Amino acid sequence: MNEKEEKLIFPQNFDIKVIVAAVIPIEESKANISRVFSECHAVHSFVSARASAKGSYITYTYNIDIESQEQMNAVYEALKQVPEIKFAL
């Protein structure tokens, strides 16, 4: 690890933003995202949703508790498997 890299210390609580193509209803998207967090045993709560200027995408913000690097990796990998999700940060 070089001096510019920061090592995360777990557990971590942070807001995660999930960008989704606006092709399915909001409640279905929220349920799909929440299911991923639940399957990864990550405590989470919905914070907000915001549509892009053209309405093509919706950004969902969730507050999430992550216990380990492995769990964080699992969450991001599982989110990649949901077809309408474009990316998460």
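Ile19 stands opposite Thr59 in β3, and β1 (12-21) and β3 (57-66) pair in the antiparallel sense over 10 bridges. The model is predicted, so local features require pLDDT of at least 70 and side-chain atom pairs pLDDT 80 or more, whereas totals for chains, interfaces and linings use all residues. Residues are numbered from 1 along each chain as its sequence is written, and side-chain values use heavy atoms, with hydrogens and water left out. Helices (H or I, at least four residues) and strands (E, at least two) are DSSP runs numbered from the N terminus; two strands pair if DSSP finds at least two bridges between them.

**Sheet**

- The open sheet consists of 4 strands in the order β2-β3-β1-β4, with antiparallel pairing.
- Because β2 and β4 stand at the edges with a single partner strand each, one side of each is left without a neighbour in the sheet.
- Neighbouring strands of this sheet are turned by 25° against each other on average, direction ignored; axes are lines fitted to C-alpha atoms, for helices over the stretch in contact, and angles run from 0 to 180 degrees between N-to-C directions.
- Strands of a sheet pair through backbone hydrogen bonds, either parallel or antiparallel.

**Strand pairs**

- Lys17 also has a residue of β3 opposite, namely Thr61.
- β2 and β3 run antiparallel and are joined by 7 bridges.
- Ala51 has Ile58 in β3 as its bridge partner.
- The hairpin of β2 and β3 has 5 residues between the strands, and in this hairpin Gly55 takes a positive phi near 80°.

**Helix α1**

- Ser29, Lys30, Asn32, Ile33, Val36 and Phe37 are buried in α1, where buried means under 20% relative accessible area, exposed over 50%, and partly exposed in between (1.4 Å probe, protein chains only).
- After α1 comes His41, whose phi is positive, near 60°.

**Packing of α1**

- The buried residues of α1 pack against β1, β2 (44-51), β3, α2 (69-80) and β4 (85-88), contact meaning heavy atoms within 4.5 Å.
- On the sheet, α1 touches β1, β2, β3 and β4, and the direction of α1 makes about 25° with that of β3.
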